[in-house]
Amino acid sequence: VTQLALVIDLNVCVGCHACVTSCKQWNTSGAAGPLVDENPYGADPTGTFFNRVQTFEVGEFPHTQTVHFPKSCLHCEEPPCVPVCPTGASYKRKQDGIVLVDYDKCIGCKYCSWACPYGARELDEQRQVMTKCTLCVDRIYDQSLPPERRKPACVLACPPGARIFGDVHDPESEASRAIAERGGYPLMPEWGTSPSNHYLPRRRTEIAVHPEDLLRVDNPLQLDGAQPELPHGPGREDFAT
Amino acid sequence: MQPAFSVIFLTTLIGAGQGLFLALFVAELGGFGGVAGEARFLALGALVSVLLCGAGLVASFFHLGRPERAWRAAAMWRTSWLSREVIVLPLFMALAALWGGLHGLGLPGTRGAGALAVLAALGLFVCTAMIYASIRFIQEWASGFTLANYLLLGLASGATLASALAAFGAPPLLPALVPAALLFTLAGAASRAGSLLRNARIKPRSTVQTAIGIKHPRIVQRAQGFLGGSFNTREFFHGRRPALLRQLKWWFLLLAFALPAVLLALAWGQGAAAAAWLAAAFGVQYLGLLLERWFFFAQARHPQNLYYQEVA
(Lines give C-alpha, C1' and ligand atoms only; values in the text may rest on other atoms or scores of the structure.)
Protein backbone atom coordinates (compact mmCIF):
# COMPACT_ATOMS: atom_id res chain seq x y z
CA VAL A 1 0.00 0.00 0.00
CA THR A 2 1.05 3.54 -0.59
CA GLN A 3 2.57 5.59 2.22
CA LEU A 4 3.22 9.15 1.15
CA ALA A 5 5.84 10.96 3.18
CA LEU A 6 8.57 13.56 3.17
CA VAL A 7 12.28 12.85 3.26
CA ILE A 8 14.16 15.84 4.61
CA ASP A 9 17.86 16.20 3.94
CA LEU A 10 19.51 17.87 6.93
CA ASN A 11 22.70 18.08 4.93
CA VAL A 12 21.01 20.40 2.45
CA CYS A 13 18.57 22.45 4.56
CA VAL A 14 19.88 26.00 4.98
CA GLY A 15 17.22 27.11 7.47
CA CYS A 16 15.58 29.71 5.22
CA HIS A 17 12.02 29.01 6.42
CA ALA A 18 10.66 29.05 2.85
CA CYS A 19 8.86 25.76 3.61
CA VAL A 20 7.29 27.37 6.67
CA THR A 21 5.93 30.38 4.84
CA SER A 22 4.83 28.48 1.75
CA CYS A 23 3.05 25.93 3.97
CA LYS A 24 1.29 28.69 5.85
CA GLN A 25 0.36 30.49 2.64
CA TRP A 26 -1.06 27.39 0.96
CA ASN A 27 -2.89 26.02 3.96
CA THR A 28 -4.34 29.31 5.14
CA SER A 29 -5.80 29.93 1.68
CA GLY A 30 -7.46 26.56 1.20
CA ALA A 31 -11.01 25.31 1.52
CA ALA A 32 -10.28 23.90 5.00
CA GLY A 33 -10.27 27.41 6.45
CA PRO A 34 -7.62 29.90 7.48
CA LEU A 35 -4.84 29.17 9.96
CA VAL A 36 -5.28 31.86 12.53
CA ASP A 37 -2.72 34.51 13.33
CA GLU A 38 -3.36 36.26 16.59
CA ASN A 39 -1.74 39.55 17.47
CA PRO A 40 0.52 39.24 14.39
CA TYR A 41 2.11 42.67 14.73
CA GLY A 42 2.03 42.88 18.51
CA ALA A 43 4.56 42.04 21.16
CA ASP A 44 3.49 38.41 21.54
CA PRO A 45 2.37 37.08 18.17
CA THR A 46 1.05 33.55 17.89
CA GLY A 47 -0.59 31.47 15.24
CA THR A 48 -1.15 28.07 13.73
CA PHE A 49 1.62 26.53 11.65
CA PHE A 50 1.92 23.02 10.27
CA ASN A 51 5.65 23.26 9.74
CA ARG A 52 8.53 24.85 11.62
CA VAL A 53 12.26 25.08 11.10
CA GLN A 54 14.31 24.85 14.26
CA THR A 55 18.01 25.34 14.69
CA PHE A 56 20.34 23.24 16.81
CA GLU A 57 24.03 23.63 17.47
CA VAL A 58 25.88 20.32 17.67
CA GLY A 59 29.29 20.06 19.27
CA GLU A 60 31.50 22.45 21.15
CA PHE A 61 33.04 25.56 19.66
CA PRO A 62 34.99 25.65 17.41
CA HIS A 63 33.98 22.17 16.32
CA THR A 64 30.30 22.96 15.90
CA GLN A 65 27.72 22.19 13.28
CA THR A 66 24.59 24.28 12.87
CA VAL A 67 21.74 21.95 12.05
CA HIS A 68 18.52 23.40 10.70
CA PHE A 69 15.74 21.00 11.48
CA PRO A 70 12.37 21.24 9.70
CA LYS A 71 9.62 19.71 11.82
CA SER A 72 6.12 18.76 10.78
CA CYS A 73 3.76 15.81 11.17
CA LEU A 74 5.63 12.59 10.42
CA HIS A 75 2.54 10.67 9.23
CA CYS A 76 3.47 7.70 11.40
CA GLU A 77 2.66 4.19 10.25
CA GLU A 78 1.48 3.53 13.83
CA PRO A 79 0.14 6.99 14.70
CA PRO A 80 -0.47 7.17 18.47
CA CYS A 81 -2.67 10.24 17.93
CA VAL A 82 -5.33 8.35 15.94
CA PRO A 83 -6.68 5.64 18.30
CA VAL A 84 -7.00 8.06 21.22
CA CYS A 85 -9.35 10.40 19.34
CA PRO A 86 -12.81 9.97 20.94
CA THR A 87 -14.75 11.14 17.88
CA GLY A 88 -12.86 9.56 15.00
CA ALA A 89 -11.93 13.02 13.70
CA SER A 90 -8.29 11.93 13.60
CA TYR A 91 -7.73 9.23 11.06
CA LYS A 92 -5.09 7.70 8.81
CA ARG A 93 -6.10 7.35 5.18
CA LYS A 94 -5.94 3.81 3.89
CA GLN A 95 -5.17 4.76 0.31
CA ASP A 96 -2.05 6.86 0.92
CA GLY A 97 -1.28 6.77 4.66
CA ILE A 98 -1.78 10.49 5.28
CA VAL A 99 -2.86 11.27 8.84
CA LEU A 100 -5.66 13.84 8.73
CA VAL A 101 -8.13 15.61 11.00
CA ASP A 102 -11.77 15.99 10.03
CA TYR A 103 -12.30 19.56 11.21
CA ASP A 104 -16.08 19.05 11.23
CA LYS A 105 -15.87 16.19 13.74
CA CYS A 106 -13.10 17.50 16.03
CA ILE A 107 -14.34 18.60 19.46
CA GLY A 108 -11.08 20.30 20.41
CA CYS A 109 -10.31 18.06 23.41
CA LYS A 110 -6.55 18.18 22.62
CA TYR A 111 -6.07 14.55 23.66
CA CYS A 112 -4.44 13.70 20.30
CA SER A 113 -1.85 16.44 20.82
CA TRP A 114 -0.99 14.90 24.20
CA ALA A 115 -0.64 11.54 22.46
CA CYS A 116 1.83 12.81 19.84
CA PRO A 117 5.42 12.65 21.12
CA TYR A 118 6.60 15.01 18.39
CA GLY A 119 4.36 17.99 19.12
CA ALA A 120 3.18 17.92 15.52
CA ARG A 121 -0.38 19.04 16.22
CA GLU A 122 -1.55 22.56 16.99
CA LEU A 123 -4.97 23.62 18.18
CA ASP A 124 -6.24 26.48 16.04
CA GLU A 125 -7.18 29.12 18.58
CA GLN A 126 -9.85 30.62 16.35
CA ARG A 127 -11.59 27.53 15.02
CA GLN A 128 -10.89 25.54 18.22
CA VAL A 129 -10.14 22.36 16.30
CA MET A 130 -6.90 20.41 16.08
CA THR A 131 -4.86 21.08 12.95
CA LYS A 132 -1.79 19.48 11.46
CA CYS A 133 0.18 18.93 8.27
CA THR A 134 -1.99 17.40 5.54
CA LEU A 135 0.89 16.75 3.11
CA CYS A 136 -1.09 19.29 1.04
CA VAL A 137 -3.67 16.61 0.33
CA ASP A 138 -5.66 19.27 -1.52
CA ARG A 139 -3.00 19.78 -4.17
CA ILE A 140 -1.06 16.53 -4.59
CA TYR A 141 -4.05 14.97 -6.41
CA ASP A 142 -5.15 18.13 -8.21
CA GLN A 143 -5.58 17.10 -11.85
CA SER A 144 -5.66 20.74 -12.95
CA LEU A 145 -2.00 21.13 -11.95
CA PRO A 146 0.80 19.88 -14.18
CA PRO A 147 2.12 16.57 -12.73
CA GLU A 148 5.42 18.05 -11.57
CA ARG A 149 3.50 20.61 -9.47
CA ARG A 150 1.43 17.96 -7.64
CA LYS A 151 3.63 18.10 -4.56
CA PRO A 152 3.30 19.64 -1.09
CA ALA A 153 3.88 23.39 -1.02
CA CYS A 154 6.95 23.02 1.20
CA VAL A 155 8.61 20.67 -1.27
CA LEU A 156 8.04 23.03 -4.19
CA ALA A 157 9.26 26.02 -2.18
CA CYS A 158 12.49 24.56 -0.82
CA PRO A 159 15.26 26.47 -2.66
CA PRO A 160 18.07 23.94 -2.18
CA GLY A 161 15.77 20.96 -2.70
CA ALA A 162 16.15 19.51 0.77
CA ARG A 163 12.67 17.99 0.76
CA ILE A 164 11.78 14.88 -1.19
CA PHE A 165 8.14 13.83 -1.48
CA GLY A 166 7.09 10.32 -2.40
CA ASP A 167 5.85 6.87 -1.53
CA VAL A 168 8.19 5.36 1.03
CA HIS A 169 6.66 1.93 0.49
CA ASP A 170 7.68 1.92 -3.16
CA PRO A 171 11.35 0.87 -3.15
CA GLU A 172 11.87 2.51 -6.52
CA SER A 173 10.64 5.97 -5.49
CA GLU A 174 13.10 8.81 -5.12
CA ALA A 175 12.17 9.06 -1.45
CA SER A 176 12.82 5.36 -0.74
CA ARG A 177 16.10 5.43 -2.62
CA ALA A 178 17.24 8.49 -0.69
CA ILE A 179 16.41 6.73 2.61
CA ALA A 180 18.22 3.56 1.54
CA GLU A 181 21.28 5.16 -0.01
CA ARG A 182 21.84 8.09 2.35
CA GLY A 183 21.00 6.57 5.72
CA GLY A 184 17.55 8.01 6.23
CA TYR A 185 16.31 7.65 9.80
CA PRO A 186 13.07 8.19 11.78
CA LEU A 187 12.68 10.44 14.84
CA MET A 188 12.30 8.98 18.35
CA PRO A 189 12.34 5.34 17.21
CA GLU A 190 12.05 4.31 20.87
CA TRP A 191 8.25 4.68 20.87
CA GLY A 192 7.47 2.36 18.00
CA THR A 193 5.48 4.95 16.09
CA SER A 194 7.26 4.12 12.80
CA PRO A 195 7.28 7.64 11.39
CA SER A 196 6.89 7.72 7.61
CA ASN A 197 8.84 10.94 7.26
CA HIS A 198 12.55 10.31 7.36
CA TYR A 199 15.55 12.57 7.81
CA LEU A 200 18.80 12.27 5.90
CA PRO A 201 21.84 12.83 8.12
CA ARG A 202 24.53 15.43 7.75
CA ARG A 203 27.47 14.28 5.69
CA ARG A 204 31.09 15.17 6.27
CA THR A 205 32.06 17.84 3.76
CA GLU A 206 35.62 17.60 2.51
CA ILE A 207 37.20 19.77 -0.12
CA ALA A 208 39.55 17.52 -2.03
CA VAL A 209 42.54 19.72 -2.82
CA HIS A 210 45.43 17.95 -4.41
CA PRO A 211 48.95 19.41 -4.70
CA GLU A 212 48.76 19.57 -8.47
CA ASP A 213 45.58 21.68 -8.20
CA LEU A 214 47.52 24.34 -6.29
CA LEU A 215 50.73 24.20 -8.28
CA ARG A 216 50.13 23.96 -11.96
CA VAL A 217 53.20 22.69 -13.67
CA ASP A 218 52.47 24.84 -16.72
CA ASN A 219 51.72 28.00 -14.74
CA PRO A 220 53.04 30.87 -16.86
CA LEU A 221 53.27 33.08 -13.78
CA GLN A 222 55.82 30.84 -12.22
CA LEU A 223 58.94 32.94 -12.36
CA ASP A 224 61.45 30.68 -10.72
CA GLY A 225 63.16 30.11 -14.01
CA ALA A 226 62.61 26.44 -13.99
CA GLN A 227 61.56 24.96 -17.26
CA PRO A 228 57.96 23.81 -17.25
CA GLU A 229 57.92 20.13 -16.75
CA LEU A 230 55.93 18.28 -19.28
CA PRO A 231 53.10 16.37 -17.71
CA HIS A 232 53.58 12.67 -17.49
CA GLY A 233 50.26 11.54 -18.64
CA PRO A 234 46.96 13.21 -17.83
CA GLY A 235 46.64 15.56 -14.81
CA ARG A 236 43.68 15.90 -12.49
CA GLU A 237 42.17 18.67 -14.55
CA ASP A 238 41.62 16.25 -17.34
CA PHE A 239 39.15 14.47 -15.08
CA ALA A 240 37.10 17.50 -14.08
CA THR A 241 34.41 16.46 -11.63
CA MET B 1 1.96 19.68 30.90
CA GLN B 2 -0.21 22.71 31.49
CA PRO B 3 -2.77 21.66 34.11
CA ALA B 4 -6.33 22.30 32.91
CA PHE B 5 -8.74 23.20 35.70
CA SER B 6 -11.62 21.66 33.80
CA VAL B 7 -9.95 18.26 33.94
CA ILE B 8 -8.76 18.75 37.53
CA PHE B 9 -12.35 19.37 38.65
CA LEU B 10 -13.70 16.58 36.45
CA THR B 11 -11.40 13.89 37.83
CA THR B 12 -11.61 14.94 41.48
CA LEU B 13 -15.39 15.46 41.52
CA ILE B 14 -16.31 12.20 39.79
CA GLY B 15 -13.75 10.31 41.89
CA ALA B 16 -15.45 11.52 45.08
CA GLY B 17 -18.87 10.77 43.57
CA GLN B 18 -17.90 7.22 42.65
CA GLY B 19 -16.27 6.64 46.04
CA LEU B 20 -19.34 7.98 47.86
CA PHE B 21 -21.65 5.65 45.96
CA LEU B 22 -19.42 2.65 46.58
CA ALA B 23 -19.29 3.42 50.32
CA LEU B 24 -23.08 3.69 50.50
CA PHE B 25 -23.63 0.51 48.51
CA VAL B 26 -21.31 -1.43 50.78
CA ALA B 27 -23.31 -0.03 53.70
CA GLU B 28 -26.45 -1.42 52.07
CA LEU B 29 -24.79 -4.80 51.62
CA GLY B 30 -23.97 -4.67 55.33
CA GLY B 31 -27.66 -4.54 56.15
CA PHE B 32 -28.22 -0.79 56.22
CA GLY B 33 -31.23 0.79 54.52
CA GLY B 34 -33.98 -1.55 55.69
CA VAL B 35 -36.11 1.12 57.35
CA ALA B 36 -37.52 4.24 55.71
CA GLY B 37 -35.15 6.73 57.33
CA GLU B 38 -32.09 4.73 56.32
CA ALA B 39 -33.34 4.29 52.76
CA ARG B 40 -33.89 8.04 52.54
CA PHE B 41 -30.28 8.60 53.62
CA LEU B 42 -29.05 6.26 50.89
CA ALA B 43 -31.24 8.05 48.33
CA LEU B 44 -29.89 11.43 49.40
CA GLY B 45 -26.35 10.06 49.29
CA ALA B 46 -26.93 8.80 45.75
CA LEU B 47 -28.23 12.25 44.85
CA VAL B 48 -25.02 13.85 46.19
CA SER B 49 -22.98 11.31 44.19
CA VAL B 50 -24.88 12.07 40.99
CA LEU B 51 -24.60 15.81 41.59
CA LEU B 52 -20.82 15.53 42.08
CA CYS B 53 -20.50 13.57 38.84
CA GLY B 54 -22.80 16.02 37.08
CA ALA B 55 -20.63 18.91 38.26
CA GLY B 56 -17.60 17.05 36.95
CA LEU B 57 -19.33 16.50 33.64
CA VAL B 58 -20.13 20.20 33.38
CA ALA B 59 -16.51 21.03 34.20
CA SER B 60 -15.31 18.70 31.45
CA PHE B 61 -17.19 20.71 28.82
CA PHE B 62 -14.94 23.67 29.58
CA HIS B 63 -12.04 21.59 28.34
CA LEU B 64 -13.49 21.33 24.85
CA GLY B 65 -12.87 23.79 22.07
CA ARG B 66 -16.16 22.74 20.47
CA PRO B 67 -18.46 21.70 23.35
CA GLU B 68 -21.52 21.66 21.08
CA ARG B 69 -20.05 18.60 19.37
CA ALA B 70 -19.37 16.71 22.62
CA TRP B 71 -21.90 14.00 21.72
CA ARG B 72 -19.53 12.81 19.02
CA ALA B 73 -17.04 11.73 21.69
CA ALA B 74 -18.91 8.46 22.28
CA ALA B 75 -18.01 7.19 18.81
CA MET B 76 -14.58 5.59 19.19
CA TRP B 77 -15.06 3.45 22.31
CA ARG B 78 -13.25 0.57 20.60
CA THR B 79 -9.89 2.35 20.69
CA SER B 80 -10.12 5.44 22.91
CA TRP B 81 -10.20 5.43 26.70
CA LEU B 82 -11.53 8.98 26.56
CA SER B 83 -14.46 7.80 24.49
CA ARG B 84 -15.07 4.98 26.96
CA GLU B 85 -15.08 7.46 29.83
CA VAL B 86 -17.58 9.62 27.95
CA ILE B 87 -19.92 6.59 27.79
CA VAL B 88 -19.35 5.14 31.26
CA LEU B 89 -19.70 8.41 33.22
CA PRO B 90 -23.34 9.06 32.21
CA LEU B 91 -24.00 5.34 32.56
CA PHE B 92 -22.74 5.37 36.13
CA MET B 93 -24.77 8.50 36.89
CA ALA B 94 -27.91 6.87 35.52
CA LEU B 95 -27.38 3.64 37.47
CA ALA B 96 -26.55 5.50 40.70
CA ALA B 97 -29.64 7.66 40.20
CA LEU B 98 -31.70 4.50 39.62
CA TRP B 99 -30.31 2.96 42.79
CA GLY B 100 -31.06 6.11 44.77
CA GLY B 101 -34.49 6.41 43.19
CA LEU B 102 -35.43 2.84 44.13
CA HIS B 103 -34.37 3.57 47.71
CA GLY B 104 -36.23 6.86 47.75
CA LEU B 105 -39.42 5.29 46.50
CA GLY B 106 -39.07 2.17 48.63
CA LEU B 107 -39.04 -0.12 45.60
CA PRO B 108 -37.28 -3.50 45.38
CA GLY B 109 -34.31 -4.36 43.18
CA THR B 110 -31.88 -1.94 44.79
CA ARG B 111 -29.13 -4.52 45.09
CA GLY B 112 -29.28 -5.45 41.43
CA ALA B 113 -29.21 -1.82 40.31
CA GLY B 114 -26.48 -1.09 42.83
CA ALA B 115 -24.35 -4.00 41.61
CA LEU B 116 -24.55 -2.69 38.06
CA ALA B 117 -23.64 0.78 39.31
CA VAL B 118 -20.63 -0.72 41.13
CA LEU B 119 -19.40 -2.19 37.86
CA ALA B 120 -19.87 1.18 36.16
CA ALA B 121 -18.07 3.01 38.99
CA LEU B 122 -15.09 0.66 38.89
CA GLY B 123 -15.06 0.80 35.10
CA LEU B 124 -15.10 4.59 35.26
CA PHE B 125 -12.05 4.59 37.55
CA VAL B 126 -10.25 2.42 34.99
CA CYS B 127 -11.29 4.64 32.05
CA THR B 128 -10.24 7.86 33.78
CA ALA B 129 -6.89 6.47 34.82
CA MET B 130 -6.15 4.79 31.50
CA ILE B 131 -6.67 8.06 29.62
CA TYR B 132 -3.38 9.07 31.21
CA ALA B 133 -1.68 5.74 31.83
CA SER B 134 -2.12 4.68 28.19
CA ILE B 135 0.08 7.49 26.83
CA ARG B 136 3.23 5.44 26.97
CA PHE B 137 5.72 8.23 26.29
CA ILE B 138 4.48 10.42 29.16
CA GLN B 139 6.47 8.27 31.53
CA GLU B 140 5.19 9.93 34.72
CA TRP B 141 1.70 8.68 33.83
CA ALA B 142 2.44 5.38 32.10
CA SER B 143 2.41 3.21 35.21
CA GLY B 144 0.13 1.07 37.33
CA PHE B 145 0.39 3.74 40.02
CA THR B 146 -1.85 6.00 37.93
CA LEU B 147 -4.64 3.42 38.07
CA ALA B 148 -4.07 2.73 41.78
CA ASN B 149 -4.04 6.43 42.61
CA TYR B 150 -7.24 7.30 40.76
CA LEU B 151 -8.98 4.35 42.40
CA LEU B 152 -7.68 4.83 45.94
CA LEU B 153 -7.97 8.64 46.00
CA GLY B 154 -11.55 8.39 44.72
CA LEU B 155 -12.40 5.76 47.33
CA ALA B 156 -10.71 7.82 50.07
CA SER B 157 -12.48 11.10 49.26
CA GLY B 158 -15.78 9.26 48.72
CA ALA B 159 -15.54 7.40 52.03
CA THR B 160 -14.60 10.62 53.86
CA LEU B 161 -17.59 12.34 52.31
CA ALA B 162 -19.82 9.38 53.22
CA SER B 163 -18.58 9.65 56.80
CA ALA B 164 -19.35 13.36 56.92
CA LEU B 165 -22.84 12.77 55.51
CA ALA B 166 -23.43 9.87 57.90
CA ALA B 167 -22.48 12.04 60.86
CA PHE B 168 -25.44 14.25 59.97
CA GLY B 169 -27.90 11.65 58.67
CA ALA B 170 -26.94 8.14 59.73
CA PRO B 171 -24.68 8.00 62.81
CA PRO B 172 -24.93 4.16 63.05
CA LEU B 173 -22.79 3.93 59.93
CA LEU B 174 -19.91 5.89 61.45
CA PRO B 175 -18.12 3.02 63.19
CA ALA B 176 -17.69 1.38 59.78
CA LEU B 177 -17.26 4.39 57.50
CA VAL B 178 -14.68 6.36 59.49
CA PRO B 179 -12.16 3.49 59.69
CA ALA B 180 -12.78 2.76 56.01
CA ALA B 181 -12.11 6.39 55.10
CA LEU B 182 -8.97 6.35 57.22
CA LEU B 183 -7.83 3.10 55.63
CA PHE B 184 -8.34 4.35 52.07
CA THR B 185 -6.70 7.68 52.89
CA LEU B 186 -3.62 5.88 54.21
CA ALA B 187 -3.61 3.45 51.28
CA GLY B 188 -3.92 6.40 48.87
CA ALA B 189 -1.03 8.11 50.66
CA ALA B 190 1.11 4.99 50.27
CA SER B 191 0.25 4.61 46.60
CA ARG B 192 0.77 8.29 45.81
CA ALA B 193 4.05 8.31 47.69
CA GLY B 194 5.07 5.27 45.67
CA SER B 195 4.33 7.07 42.42
CA LEU B 196 6.25 10.14 43.63
CA LEU B 197 9.27 7.97 44.38
CA ARG B 198 8.96 6.21 41.03
CA ASN B 199 8.62 9.46 39.11
CA ALA B 200 11.60 10.98 40.89
CA ARG B 201 13.80 8.27 39.40
CA ILE B 202 12.47 8.23 35.84
CA LYS B 203 15.11 8.27 33.17
CA PRO B 204 13.54 9.87 30.08
CA ARG B 205 13.68 7.48 27.15
CA SER B 206 13.61 10.34 24.67
CA THR B 207 16.47 12.78 24.52
CA VAL B 208 17.31 15.66 22.25
CA GLN B 209 19.56 13.16 20.45
CA THR B 210 16.68 10.83 19.59
CA ALA B 211 14.37 13.80 18.95
CA ILE B 212 16.46 15.06 16.04
CA GLY B 213 18.40 11.86 15.39
CA ILE B 214 21.91 13.20 15.87
CA LYS B 215 24.17 11.20 18.13
CA HIS B 216 26.33 13.80 19.76
CA PRO B 217 26.52 14.36 23.51
CA ARG B 218 26.33 18.14 23.22
CA ILE B 219 23.36 19.55 21.33
CA VAL B 220 22.01 23.02 22.11
CA GLN B 221 18.86 24.46 20.60
CA ARG B 222 19.49 27.90 19.16
CA ALA B 223 16.08 28.66 17.68
CA GLN B 224 12.67 27.03 18.02
CA GLY B 225 11.39 28.48 14.76
CA PHE B 226 9.40 31.44 16.03
CA LEU B 227 9.73 34.32 18.46
CA GLY B 228 6.23 34.40 19.98
CA GLY B 229 4.39 31.54 21.61
CA SER B 230 2.55 28.69 19.99
CA PHE B 231 0.24 25.89 21.02
CA ASN B 232 3.33 23.77 21.67
CA THR B 233 4.79 26.28 24.12
CA ARG B 234 1.48 26.82 25.96
CA GLU B 235 -0.11 23.39 26.23
CA PHE B 236 2.87 21.36 27.38
CA PHE B 237 4.53 23.63 29.96
CA HIS B 238 3.15 24.62 33.36
CA GLY B 239 5.24 27.78 33.28
CA ARG B 240 5.87 27.83 37.05
CA ARG B 241 9.13 27.67 38.94
CA PRO B 242 10.37 24.18 39.87
CA ALA B 243 10.42 25.34 43.51
CA LEU B 244 6.65 25.82 43.41
CA LEU B 245 6.20 22.23 42.27
CA ARG B 246 8.37 20.98 45.12
CA GLN B 247 6.41 23.01 47.67
CA LEU B 248 3.09 21.94 46.20
CA LYS B 249 4.04 18.31 46.64
CA TRP B 250 4.33 18.73 50.40
CA TRP B 251 1.12 20.78 50.54
CA PHE B 252 -0.94 18.11 48.80
CA LEU B 253 0.61 15.34 50.89
CA LEU B 254 -0.41 17.33 53.97
CA LEU B 255 -3.88 18.37 52.83
CA ALA B 256 -5.00 15.27 50.95
CA PHE B 257 -3.58 12.65 53.30
CA ALA B 258 -1.95 13.71 56.58
CA LEU B 259 -4.50 16.24 57.83
CA PRO B 260 -7.61 14.23 56.83
CA ALA B 261 -6.08 11.16 58.43
CA VAL B 262 -5.59 13.06 61.69
CA LEU B 263 -9.12 14.44 61.56
CA LEU B 264 -10.59 11.01 60.80
CA ALA B 265 -8.61 9.47 63.64
CA LEU B 266 -9.87 12.17 66.01
CA ALA B 267 -13.45 11.56 64.87
CA TRP B 268 -13.19 7.80 65.27
CA GLY B 269 -15.51 6.57 67.98
CA GLN B 270 -17.00 9.99 68.70
CA GLY B 271 -20.20 9.35 66.75
CA ALA B 272 -22.27 12.24 65.47
CA ALA B 273 -20.48 14.65 67.80
CA ALA B 274 -17.59 14.65 65.32
CA ALA B 275 -19.71 15.85 62.39
CA ALA B 276 -17.76 19.09 62.08
CA TRP B 277 -14.46 17.20 62.16
CA LEU B 278 -15.59 14.90 59.38
CA ALA B 279 -16.94 17.73 57.25
CA ALA B 280 -13.60 19.52 57.70
CA ALA B 281 -11.79 16.30 56.81
CA PHE B 282 -13.62 16.10 53.48
CA GLY B 283 -13.13 19.80 52.72
CA VAL B 284 -9.41 19.64 53.45
CA GLN B 285 -9.01 16.40 51.55
CA TYR B 286 -10.82 17.70 48.47
CA LEU B 287 -8.65 20.82 48.47
CA GLY B 288 -5.61 18.58 48.77
CA LEU B 289 -6.79 16.45 45.87
CA LEU B 290 -7.18 19.57 43.70
CA LEU B 291 -3.53 20.34 44.42
CA GLU B 292 -2.60 16.69 43.86
CA ARG B 293 -4.27 16.67 40.48
CA TRP B 294 -2.62 19.96 39.47
CA PHE B 295 0.71 18.44 40.43
CA PHE B 296 -0.11 15.24 38.50
CA PHE B 297 -0.44 17.24 35.28
CA ALA B 298 2.37 19.71 35.94
CA GLN B 299 4.86 16.97 36.75
CA ALA B 300 4.35 15.18 33.43
CA ARG B 301 7.15 15.99 31.01
CA HIS B 302 6.03 15.59 27.43
CA PRO B 303 8.74 14.49 24.97
CA GLN B 304 7.67 17.24 22.56
CA ASN B 305 9.24 19.68 25.03
CA LEU B 306 12.63 18.52 23.72
CA TYR B 307 11.89 20.59 20.62
CA TYR B 308 11.18 23.70 22.72
CA GLN B 309 14.20 23.85 24.99
CA GLU B 310 14.05 27.60 25.39
CA VAL B 311 10.73 27.27 27.20
CA ALA B 312 11.70 24.16 29.14
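How many bridges pair S4(A) and S5(A), and in which sense? In this predicted model, the two strands are antiparallel and share 10 bridges. A hairpin of two residues links S4(A) to S5(A). Within this pairing, A:Gly59 faces A:Thr64 of S5(A).

A:Thr55 has B:Ala223 as its bridge partner in S1(B). A:Glu57 is placed opposite B:Val220 of S1(B). Strands of a sheet pair through backbone hydrogen bonds, in either a parallel or an antiparallel sense.

The wider interface between the chains was then examined. Contacts involve 60 residues of chain B and 56 residues of chain A. About 4800 Å² is buried between the two chains. Carbon and sulfur atoms contribute 57% of that area. On the chain B side, the residues that lose the most area to chain A are B:Phe137, B:Phe231 and B:Tyr307. Together these three give 13% of what that side buries.

Polar interactions also cross the interface. Between chain B and chain A there are 38 residue pairs in polar contact, counted where both residues have pLDDT 80 or more. The number of salt bridges between the chains is three. One salt bridge brings together the side chains of B:Arg234 and A:Glu125, with an N to O distance of 3.3 Å.

Several elements of chain B give two or more residues to the side that touches chain A. The helices are H3 (81-105), H4 (110-133), H7 (208-212) and H8 (231-235). Strand S1 (219-223) of chain B is also listed among these elements. S1(B) supplies the largest share, five residues. By class, this side of chain B holds 30 nonpolar, 21 polar and nine charged residues.

Chain A also has a sheet made of its own strands. Three strands lie in the order S10-S1-S11, and the sheet is open with mixed pairing. The edges are S10 (163-167) and S11 (198-200) of chain A, each of which pairs on one side only. The twist here averages 25° from one strand to the next. S1 of chain A, residues 4-9, pairs with S10(A) over five bridges, in the antiparallel sense. A:Val7 sits opposite A:Ile164 of S10(A).

Conventions: Residues are numbered from 1 along each chain as its sequence is written. Chains are lettered from A and ligands numbered from 1 in the order in which they are written. This is a predicted model: local features need pLDDT of at least 70, side-chain atom pairs count only at pLDDT 80 or more; totals for chains, interfaces and linings use all residues. Side-chain values use heavy atoms; hydrogens and water are left out. Contact means heavy atoms within 4.5 Å. Buried area is the accessible area (1.4 Å probe) that two parts lose on being put together, summed over both. A salt bridge is a side-chain nitrogen of Lys or Arg within 4 Å of a carboxyl oxygen of Asp or Glu. A polar contact is a pair of N or O atoms within 3.5 Å; within protein, one must be able to donate a hydrogen and the other to accept it, and residues adjacent in sequence count only if both atoms are side-chain atoms. Helices (H or I, at least four residues) and strands (E, at least two) are DSSP runs, numbered from the N terminus. Ala, Val, Leu, Ile, Met, Phe, Trp, Tyr, Cys and Pro count as nonpolar, Asp, Glu, Lys and Arg as charged, and the others, Gly among them, as polar. Two strands pair if DSSP finds at least two bridges between them. Axes are lines fitted to C-alpha atoms, for helices over the stretch in contact, and angles run from 0 to 180 degrees between N-to-C directions.
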